[in-house]
Amino acid sequence: MKRLLPLALLLALPLAAQPQLLNSFEAAPLQGWQSKDNVKLAVTNSQDATRKGALRCAAVFEKFTYAWIRKLDLKAGAFSLEKAGGIMFWARVEAPAALAVHLTWVDENKKEIRHAASVAVTDKWQQYTVPYAAFKKEPGGTALGAEEAGKITWLTFTLGKKEAAQTALWLDDVSFMAK
């Protein structure tokens with residue numbers, strides 16, 4: 001005779017936490033995304049048979065030494081950011097580059113509070129995972145905590161100028177990962 005778990009016990013078991021997808025760049029591709037004026041955003045073919053659409057961020061460094069791409073209104077979703085453990089995304093660049101990832105909010109004094117992590121992105125599609133502990137406050141260097149994570153209102157990806165006058169970054173499946 002098989003033993004069955006009581007329904008009440010099954011309901012009490014925690015469900016495996018799933019990542020919260022911000023954008024797969026297939027449906028409603030640019031909703032909430034912005035960029036610095038030297039960046040052109042476009043949903044395009046990922047140039048990889050295993051991926052579908054991706055966000056292509058073409059940056060020109062004639063007037064500026066950096067370029068950013070930002071997702072706003074993170075609090076608009078039903079996902080609780082303090083229950084996440086960090087971010088995950090797929091990316092590639094035309095030439096290997098350092099990509100800064102920022103998690104930011106504005107405090108009660110209207111001051112931007114920013115935590116940053118650096119990721120070395122290559123010219124091959126790869127999934128990157130950045131735990132909250134890797135994000136350090138600017139300035140100060142303290143790690144991002146769960147209480148602070150609940151305040152995050154935007155996510156920014158920043159590329160700095162390298163030898164080339166222009167470059168492109170592709171992003172896909174940007175998610176907040178479960179703890």
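Author: Gladly! Let us begin with a pair of residues: tryptophan 33 stands opposite lysine 71, which belongs to β5. Please keep in mind that this is a predicted model.

Reader: What makes β2 and β5 a pair of strands?

Author: Two strands pair if there are at least two bridges between them. Strand β2 (residues 33–35) and β5 are joined by three bridges, so they count as paired. They run antiparallel.

Reader: How do you know that β5 pairs with β11?

Author: The rule again asks for at least two bridges. Six bridges join β5 to β11, so this pair qualifies, and the two strands run antiparallel. Within this pairing, isoleucine 69 stands opposite phenylalanine 157 in β11.

Reader: Why is β5 called largely enclosed?

Author: Five of the six residues of β5 are buried, so the rest of the structure largely encloses this strand.

Reader: Which residues is threonine 158 in contact with?

Author: Leaving aside neighbours within four places in sequence, threonine 158 is in contact with Tyr66, Ala67, Trp68, Ala98, Leu99, Ala100 and His102.

Reader: Is leucine 81 buried or exposed, and how do you know?

Author: Leucine 81 has a relative accessible area of 6%, which is under 20%, so it is buried. Its place is in the loop between β5 (66–71) and β6. Not counting residues up to four places away in sequence, leucine 81 touches Leu74, Tyr132, Ala149, Ile152 and Phe176.

Reader: How many residues apart in sequence are leucine 81 and glutamate 148, and how far apart are they in space?

Author: They are 67 residues apart in sequence, and their C-alpha atoms are 9.2 Å apart.

Reader: Now for the charged side chains. How many salt bridges does a search of the whole structure find?

Author: The search finds three salt bridges.

Reader: Why are glutamate 94 and arginine 56 called partly exposed?

Author: Partly exposed is the range between buried, under 20%, and exposed, over 50%. Glutamate 94 has a relative accessible area of 41%, so it falls in that range. Arginine 56, with 28%, does so too.

Reader: How do you know that arginine 114 forms a salt bridge with glutamate 112?

Author: Their closest N and O atoms are 3.0 Å apart, and the cut-off is 4 Å, so this is a salt bridge. Arginine 114 also meets glutamate 138 in a salt bridge, at 2.9 Å from N to O. Glutamate 138 lies in strand β10 (residues 136–138) and arginine 114 in strand β8 (residues 112–121), so this pair ties together parts that are 24 residues apart in sequence.

Reader: What joins Glu112, Arg114 and Glu138 into one network?

Author: Salt bridges that share partners join these residues into one network.

Key: Residues numbered from 1 in each chain as written. Predicted model: local features only at pLDDT ≥ 70, side-chain atom pairs only at ≥ 80, totals over all residues. Heavy atoms only, no water. Buried < 20%, exposed > 50% of the residue type's maximum accessible area, 1.4 Å probe, protein only. Helix = DSSP H or I, 4+ residues; strand = E, 2+ residues; numbered from the N terminus. Contact = heavy atoms within 4.5 Å.
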